[in-house]
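Reader: I am new to this structure and would like to learn how to read it. Could you walk me through some of its features?

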Amino acid sequence: MTALRQRKGSKGKDPGPDAQSLRCDHAAEVPVKPASAGASWCTVLCAVTGATVGVSLGLLCCIYVATLHENDLWFSNIKEVEREISFRTECGLYYSYYKQMLRAPSIQEGLYELINDNTTESKRTINILQRMNIYQEVLLSILYRILPIQDYLEPVYFYIYTVFALQAVYVLALFLTSWMLSDSWLAGALTGVWYILNRVDTTRVEFTISLRENWSLPFFALQVTAITCYLRPQLRPTHQRVVLWLVFVCTFCFCLTWQFNQFILLVQALLIFTLDALDFLTAEQVTSLYLVQVVSLLCVWLLQFCNSMILGSLVLSFIVAVLFIKHFQTGLKTGGFVVRVAKLALHAFLVLTLTFVINYSAKKILQLRSDEHIFKFIKAKFGLGATRDFDASLYLCEEAFGLLPLDTFERLANTLLVYPYLCTLSVLLIVLALAALFNLREAGLGQAPGDNDESTFSMRPDVAYNLLHTVYFGLLALSTMRMKYLWTGHMCAFAAFGVCGKEVWALCLRVIHCNTKAKLRLVRYSVPIVVLAFLYYKFWPKLMEEISELREFYDPDTVELMTWISSKTPKRAVFAGSMQLLAGIKLCTGRVLTNHPHYEDQALRERTRQVYQVYARQSAEEVHRLLRSIGADYIVLEDSICYERRHSRGCRLRDLLDLANGHIMDGPGENDPDLVPASHPRFCQAIKTGEPPYSTFFTRVFQNKTFHVYKLKKTKKKSKADSGV
């Protein structure tokens with residue numbers, strides 16, 4: 001089992017600042033007087049200072065996570081096989097394709113091997129570029145081949161440094177978002193500091209480098225920055241077109257690098273739909289943002305060799321339904337207040353109904369079942385029916401897919417992030433509700449919403465977008481802990497906007513009758529400086545202590561297993577086992593797999609359930625038949641799964657298999673009345689006796705404290721392949 005232990009006789013590295021930056025034009029919130037020479041120089045100096053701070057914070061974050069990664073694993077000192085084992089679970093699978101591309105004789109041959117892959121799933125040839133989002137690995141491998149860096153930078157370092165550099169881009173995007181919202185680079189500085197101090201809740205890149213979210217979330221943050229810029233008031237049409245192209249590029253990169261892009265874009269499309277319904281966006285802005293999403297998804301669909309999962313996505317069905325109904329439902333934004341609300345309710349009902357009709361039809365036509373496990377999980381999670389479905393239960397029993405723990409808010413409160421965030425959220429939600437009512441009433445009277453700039457009940461569209469963004473993704477994070485990384489980064493930017501922006505402070509000062517420009521300026525600049533000083537005083541020593549802690553990678557059992565497989569088994573040998581372990585076997589040894597962690601395929605999910613029968617109560621003959629039907633030569637059993645204690649009863653892997661098979665679970669506790677006792681002992685335990693009938697079908701060829709490897713014997717009778725494979 002992988003572990004980290006204290007390193008002897010070494011000193012930690014001190015991270016230093018620096019990074020790379022990008023800046024959007026700064027639109028004035030109120031008409032400004034002609035700038036004097038002094039004022040223009042002041043503006044330039046402010047912009048240069050802000051850009052420098054943003055770049056420095058981005059690089060600081062990059063160096064910080066890179067230092068943590070090195071100090072936790074002693075990555076520069078461990079063997080190559082240990083480095084590869086440190087790419088846990090699906091991370092190892094994705095990195096293996098980068099390694100495969102580099103080992104190919106040429107780029108063309110490497111691409112051909114990916115398009116016609118027969119090592120990831122035994123007895124099948126699949127197109128990896130179609131099935132998985134690995135264009136980033138392909139691009140990096142090509143860059144490593146053509147750039148003159150091979151002599152002084154190892155391939156693995158080129159890979160991990162690229163991922164860590166994207167963290168600098170992420171911080172910089174959040175910096176720019178809060179800067180544009182508040183019109184103060186101090187907000188950006190506060191955002192970057194909060195992001196770094198709340199690292200546990202904002203990113204997990206230092207120990208899950210290859211996860212798709214670590215590639216895609218920086219582009220998603222850039223997309224939000226670009227949308228914020230696009231929605232700024234008084235932005236010129238030429239600038240709008242340029243920024244819209246930037247939105248498209250960021251959306252495309254986000255979609256290309258993560259298979260769950262469709263679900264994130266669906267939340268964003270619902271957000272845009274809400275803003276459109278409440279008259280915060282113009283028809284042109286709404287249509288443009290919808291089309292950007294559609295074109296981005298279609299481009300990815302083409303690059304992924306017409307992946308049907310994209311065409312069958314809910315977000316595409318939703319956007320088509322919205323645009324279709326908007327075209328035919330004329331006069332949607334006319335009439336009195338009550339009439340308008342009734343029309344909006346009807347509009348929402350028609351859109352949702354047509355969305356499900358289109359989506360259902362598309363999936364029937366395309367015979368799409370790739371994402372059905374996700375909908376089964378959602379249905380069970382929200383109590384819409386109990387399920388014994390094995391795939392849905394795998395998700396339900398993982399802590400990452402549970403509700404957001406309350407201790408998350410304790411950690412966020414410790415850095416003072418929660419308090420300004422909740423204050424800003426509460427105040428602006430009230431303003432948003434009043435502004436929405438005002439928009440609907442004024443539109444009903446024939447006045448364009450937002451015409452009265454002096455109105456108390458008005459809100460800038462860029463602020464409204466970011467407000468609903470944090471609300472929608474906050475609700476998503478509260479329901480599913482793994483989704484918190486979509487929320488907490490933007491949470492830092494939104495809270496910093498509240499501290500440094502004019503909106504909240506102006507309302508507060510107006511309440512106490514002190515709303516003067518001088519006092520507003522004093523509060524806006526003094527409060528963030530005080531907060532930054534407090535955070536530096538409280539957390540800088542802790543950061544220095546954290547990066548001085550030195551550990552090293554320690555997993556001798558897995559290293560021994562990988563070394564044995566590489567030296568003692570044929571190169572085309574087929575291995576069966578847990579999804580997580582097999583990803584490492586592919587990366588470290590290059591052997592053929594029966595299954596793997598990329599779960600977005602119905603046939604693969606069925607195959608995984610068959611392989612996992614080695615942890616269920618099944619006969620030796622049945623297990624042998626199932627494994628031979630998918631071409632397995634060896635099966636790797638793990639004591640950590642067979643005797644699992646990490647999960648409670650009902651969520652252990654063996655329990656999920658028992659329930660799916662209709663068997664009573666192990667140990668004391670209640671069982672459903674329809675469950676029956678199994679007629680066979682648990683396979684992973686009984687096979688260790690080495691007695692017939694287990695010795696008839698399996699031979700143990702390797703064993704250590706963690707793993708047991710058995711070779712399947714060939715029987716005279718040919719077993720019939722399972723109809724599901």
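This is a predicted model: local features need pLDDT of at least 70, side-chain atom pairs count only at pLDDT 80 or more; totals for chains, interfaces and linings use all residues.

Reader: Let us begin with helix packing. At what angle do helix H12 and helix H13 pack, and how far apart are their axes?

Author: Two packed helices are described by the angle between their axes and by the distance between the axes. Here, H12 (residues 261-277) and H13 (residues 283-303) pack at about 170°, and their axes are 10 Å apart. Angles over 145 degrees count as roughly antiparallel, so H12 is roughly antiparallel to H13.

Reader: Which residues of H12 and H13 make the contact?

Author: From H12 come Asn261, Leu265, Gln268, Ala269, Ile272, Phe273 and Asp276, while H13 brings Val286, Leu289, Tyr290, Gln293 and Leu297. Sorted by class, the contact of H12 with H13 has eight nonpolar residues, three polar ones and one charged one.

Reader: How many of the residues of H8 are buried?

Author: H8 is mostly covered, with 11 of its 13 residues buried. Among them are Leu186, Leu190, Trp194, Tyr195 and Ile196, and also the glycines Gly188 and Gly192.

Reader: Can we look at a loop residue too? Where is threonine 119 found, and is threonine 119 buried or exposed?

Author: Threonine 119 is in the loop between helix H4 (107-115) and helix H5 (128-131). Its relative accessible area is 15%, and under 20% counts as buried, so threonine 119 is buried.

Reader: What does threonine 119 touch, leaving out residues up to four places away in sequence?

Author: Threonine 119 touches Arg572, Lys586, Arg591, Val592 and Leu593. Here is another way to look at that part of the fold: the C-alpha atoms of threonine 119 and valine 574 are separated by 8.5 Å, yet these two residues are 455 residues apart along the chain.

Reader: On to the cysteines. How many disulfides does the structure hold?

Author: A disulfide is a covalent bond between the sulfur atoms of two cysteines. This structure holds two disulfides. One is formed by cysteine 397 and cysteine 651, with their sulfur atoms 2.1 Å apart. The torsion about that S-S bond is about -75°, so the disulfide of cysteine 397 and cysteine 651 is left-handed. The pair links distant parts of the chain, 254 residues apart: cysteine 397 is in the loop between helix H18 (390-396) and helix H19 (407-414), and cysteine 651 is in the loop between helix H29 (639-642) and helix H30 (653-661). Cysteine 397 is buried at a relative accessible area of 13%, whereas cysteine 651 is partly exposed at 21%.

Reader: Which cysteine is joined to cysteine 642?

Author: Cysteine 642 is joined to cysteine 684, with an S to S distance of 2.0 Å. The torsion about this S-S bond is about 80°, so the disulfide of cysteine 642 and cysteine 684 is right-handed. Cysteine 642 lies in helix H29 and cysteine 684 in helix H31 (residues 683-686), 42 residues apart. Both cysteine 642 and cysteine 684 are buried. With the bonded cysteines numbered in sequence order, the pairing reads 1-3, 2-4.

Reader: Last, the backbone. Which residues does a cis peptide bond join?

Author: Proline 692 and proline 693 are joined by a cis peptide bond, with omega about 5°. Proline 693 is in the loop between H31 and helix H32 (694-697).

Reader: What is phi of phenylalanine 305?

Author: Phi of phenylalanine 305 is near 55°, a positive value in a residue other than glycine. Phenylalanine 305 sits in the loop between H13 and helix H14 (308-311). Leucine 416 has a positive phi too, of about 70°, and lies in the loop between H19 and helix H20 (418-444).

Key:
Residues are numbered from 1 along each chain as its sequence is written. Side-chain values use heavy atoms; hydrogens and water are left out. Axes are lines fitted to C-alpha atoms, for helices over the stretch in contact, and angles run from 0 to 180 degrees between N-to-C directions. Helices (H or I, at least four residues) and strands (E, at least two) are DSSP runs, numbered from the N terminus. Angles under 35 degrees count as roughly parallel, over 145 as roughly antiparallel, 65 to 115 as roughly perpendicular and the rest as oblique. Contact means heavy atoms within 4.5 Å. Ala, Val, Leu, Ile, Met, Phe, Trp, Tyr, Cys and Pro count as nonpolar, Asp, Glu, Lys and Arg as charged, and the others, Gly among them, as polar. Buried means under 20% relative accessible area, exposed over 50%, partly exposed in between (1.4 Å probe, protein chains only). A disulfide is a pair of cysteine sulfur atoms within 2.5 Å.
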